[in-house]
Amino acid sequence: MSKRAAMSNFHGARNTNIEGDMNNTNIEGDVNTNINHYYDGRSRNAVKELREHIAAGAMHDSAERCDAPKCHPETRVAVQDELVGWIENGDKEEEPKKIIWVTGPAGGGKTAIMGSTAETCQKKGLLACCFFFSSFTGSTNRRFKRCLVPTLAYQLVQHKALRDVGERILSCVEHDPAIFEKQVEVQVDQLLLQPLREGQRGSDWPKVIFIDGLDECQAEEYRDTPRSPQEAARANEADQKEILHVLLKAANDPSFPFRIIIASRPEHIIQSFFNNVAPHTTRRIFLDDKYNPDADMLLFLEAKFAEIRRDYQLSASWPSSDVKRTLVENASGQFIYVATAMRFIEESSAPPQELLDQVMALRRQDVSANPFAPLDALYTHILNSSLKPLLAARWLSLIFRTNILEGWMIPGKKLSTQFIQLFLESSPGEASHVFRGLNSLVSIPSIDDHTSPYSLFHKSLTDFLGDPSRCGSLYVDDPDELYRTRYLQIWKDKGPATPLSALEKGDFLHQFLEMPVFINFGWLMERNFEMYDVAWWVHSQDEFTRPSNCKDPHLHALPVCQLFSHAHLWCNWYQRCHPACRYTRTEMLKELQKLGWKIPGRMHLLRHRFRYLRADIWPPSEIRSRDDSSLEAEP
């Protein structure tokens with residue numbers, strides 16, 4: 001068909017919608033024709049590049065957030081109306097503000113309010129983009145600052161009203177693919193501010209950006225050994241402060257058209273920023289009695305009890321008004337209390353009246369000294385309903401209070417529930433035994449789901465488990481101890497406790513051998529370490545570095561280097577190495593040489609021995625520096 005003949009198909013057409021690649025397209029006809037073109041080939045590559053650096057689960061409508069807390073219909077109306085009203089009419093205020101900080105104690109419903117308000121704004125065409133941080137559920141990308149700006153930029157690219165801005169963002173990615181490795185401030189300037197300065201502002205542009213859970217933003221690990229809790233807290237605060245500074249800079253830029261809503265707990269570093277750095281730019285909403293949470297919780301309880309009455313064909317008078325009022329009083333303004341209580345009562349482990357009686361029987365707590373006392377009592381009761389309460393606390397503490405089982409070696413990767421169960425079980429089926437009765441605290445994927453991780457319903461459970469004054473006898477002082485014990489047992493047995501097929505065992509060992517080697521050789525000094533087959537471990541690592549088995553050999557070369565260095569940490573330079581070190585390193589060198597790996601020479605080993613002269617000054621966790629990469633064995 002000729003080009004002219006092809007064009008004749010559109011001659012005189014009205015209100016035509018044409019989609020697709022519009023390169024070299026010439027259309028004659030009515031001027032009312034609407035052309036919704038896609039990006040050209042180069043831009044599509046830029047979209048793909050941008051897509052690889054986002055946290056898709058951090059968007060408000062992501063599949064990952066399908067079970068995220070949302071405001072129950074007709075609840076939290078006052079605060080949502082205040083937020084939407086500010087977005088739409090904030091310019092008319094006597095002293096307009098560009099930022100609102102929504103804050104309040106744990107369990108107050110901040111994330112639910114942010115999620116529901118974001119949905120409302122999307123329906124009204126007000127939502128530009130959002131990022132929902134999460135340190136305890138969903139993909140690990142949702143906890144790091146490196147994904148924040150790319151995720152916001154990606155949503156602007158996809159926004160129909162921001163085509164011009166989107167093209168400029170993609171042009172930036174195309175010209176500087178390394179932009180994702182630069183500082184957050186540089187990313188904000190090049191991926192957000194510059195495109196917005198150059199874009200032609202339209203009347204239909206959106207008006208607001210949502211940033212939820214900023215206090216859950218965590219600093220990434222770039223070292224072979226994990227940070228101490230104090231170091232981790234300081235690093236997290238530094239990243240949170242950096243984000244606040246760049247958001248403030250953007251809000252104060254004349255070309256930045258959006259308002260920003262930030263939600264977080266009133267942590268010191270965040271509160272200090274809003275009090276001292278951004279007081280004139282920020283308005284704050286503290287979720288307290290002003291917004292009548294008790295009335296909202298009563299509505300929530302009415303709806304939930306109505307569902308249970310229908311399911312169990314109970315009397316319309318069940319439960320009494322006094323019971324519902326008592327539950328609201330116990331909540332002390334914390335939505336998480338009533339939400340957890342109702343999940344517990346909805347469980348099928350016992351009739352709902354029996355479970356409700358258990359909740360009501362919990363001793364009335366004095367909230368004047370500890371506002372979380374009723375919630376702590378509820379958490380304690382639910383955990384004690386497990387068949388093995390202390391073991392359940394150890395499992396939960398390892399899974400959620402540390403990052404060892406969350407892809408520490410591979411940022412963004414989370415280990416599946418299936419793998420974690422196989423790793424932690426000391427006998428087949430132990431996971432079901434441990435977590436029985438805990439469905440109100442932990443979201444546990446179905447037995448057919450081989451990829452999803454464990455997730456908590458609320459971060460307040462990790463706060464509870466990490467504070468001995470709150471969880472009492474359920475406190476686990478060293479969550480990593482369980483990891484070390486299970487790692488060594490699996491090493492000794494050359495597989496998990498649960499019998500597997502050869503293929504399933506191979507898949508398990510592949511993941512197991514990628515895990516960090518945090519073995520306390522000081523503890524092993526007085527034990528027979530020869531029961532652990534070092535040659536098998538090294539040979540297995542070697543197998544998985546081969547191209548046919550592994551896309552990234554570094555994932556298995558690094559644990560080899562870790563083990564070789566770690567074995568020597570508890571040795572004094574002026575004495576002979578302890579037996580566990582001698583056995584481990586001798587067996588490793590022998591096997592690595594046999595397998596053709598590059599191994600350290602005598603002078604290198606001697607230098608490495610004297611290098612630990614500082615061991616008596618620095619704690620072991622501080623000795624291993626990043627430049628130890630020279631010890632990394634390479635196949």
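Where does Lys 494 have its place in this structure? Colleagues, Lys 494 sits in the loop between helix 20 and helix 21. Please bear in mind throughout that we are looking at a predicted model.

Most residues other than glycine have a negative phi, and most peptide bonds are trans. Lys 494, however, has a positive phi of about 60 degrees although it is not a glycine, and it takes this value just after helix 20. Its relative accessibility is 30%, so Lys 494 counts as partly exposed.

Helix 20 covers residues 480-493, and its 14 residues, at 1.5 Å a residue, should span 20 Å. The end C-alpha atoms of helix 20 are 20 Å apart, in agreement with that expectation. Which residues of helix 20 are buried? They are Leu 482, Tyr 483, Arg 486, Tyr 487, Leu 488, Ile 490 and Trp 491. An α-helix has 3.6 residues a turn, so residues three or four places apart point the same way.

Let me turn to the charged pairs. Side chains of opposite charge can pair when their charged atoms come close. How many salt bridges does a search of the whole structure find? The search finds 27.

Lys 494 forms a salt bridge with Asp 533, and the closest N and O atoms are 3.0 Å apart. Because Lys 494 lies in the loop between helix 20 and helix 21 (502-512), and Asp 533 in the loop between helix 22 (521-524) and helix 23 (534-545), the pair ties together parts that are 39 residues apart in sequence. Asp 533, at 26% relative accessibility, counts as partly exposed.

Another joins the side chains of Arg 283 and Glu 93, with an N to O distance of 3.0 Å. Arg 283 lies in strand 7 (residues 282-286) and Glu 93 in the loop between helix 3 (77-89) and strand 3 (99-103), so this pair ties together parts that are 190 residues apart in sequence. Arg 283 counts as partly exposed at 23% relative accessibility, and Glu 93 counts as partly exposed at 29%. The pair also belongs to a network of salt bridges that links Glu 82, Glu 93 and Arg 283.

The remaining example is the salt bridge between the side chains of Arg 146 and Glu 220, at 2.5 Å from N to O. Arg 146 is in the loop between strand 4 (127-132) and helix 5 (148-158), Glu 220 is in the loop between strand 5 (208-212) and helix 8 (229-252), and the pair links these distant parts of the chain, 74 residues apart.

Helix 8 itself has 24 residues, which at 1.5 Å a residue should span 34 Å; its end C-alpha atoms are 35 Å apart, which agrees.

Cys 130 lies in strand 4 and is buried, with a relative accessible area of 0%. Cys 130 and Val 208 are 78 residues apart in sequence, and their C-alpha atoms are 8.6 Å apart in space. Thr 140 is placed in the loop between strand 4 and helix 5, and it counts as buried at 2% relative accessibility.

Finally, some features of the backbone and the surface. Trp 318 and Pro 319 are joined by a cis peptide bond, with omega at about -15 degrees. Pro 319 is found in the loop between helix 10 and helix 11 (321-331). Ser 332 has a positive phi, near 50 degrees; this residue lies in the loop between helix 11 and helix 12 (335-346) and is partly exposed, with a relative accessible area of 33%.

On the surface, Asp 288, Asp 289, Asp 294 and Glu 329 gather in a patch of negative charge. Asp 294 lies in helix 10 (residues 293-312) and is partly exposed, with a relative accessible area of 36%.

How values were computed: Residues are numbered from 1 along each chain as its sequence is written. This is a predicted model: local features need pLDDT of at least 70, side-chain atom pairs count only at pLDDT 80 or more; totals for chains, interfaces and linings use all residues. Side-chain values use heavy atoms; hydrogens and water are left out. Patches are made of residues with over 30% relative accessible area and no salt bridge: like charges are joined within 9 Å, nonpolar side chains (Val, Leu, Ile, Met, Phe, Trp, Tyr) within 5 Å. Accessible areas come from the Shrake-Rupley method with a 1.4 Å probe; for residues, only the protein chains shown count as cover. A salt bridge is a side-chain nitrogen of Lys or Arg within 4 Å of a carboxyl oxygen of Asp or Glu. Lys and Arg count as positive and Asp and Glu as negative; His and the chain ends are not counted. The place of a charge is taken as NZ of Lys, CZ of Arg, CG of Asp or CD of Glu. Helices (H or I, at least four residues) and strands (E, at least two) are DSSP runs, numbered from the N terminus. Buried means under 20% relative accessible area, exposed over 50%, partly exposed in between (1.4 Å probe, protein chains only). The expected span of a helix is 1.5 Å times one less than its number of residues.
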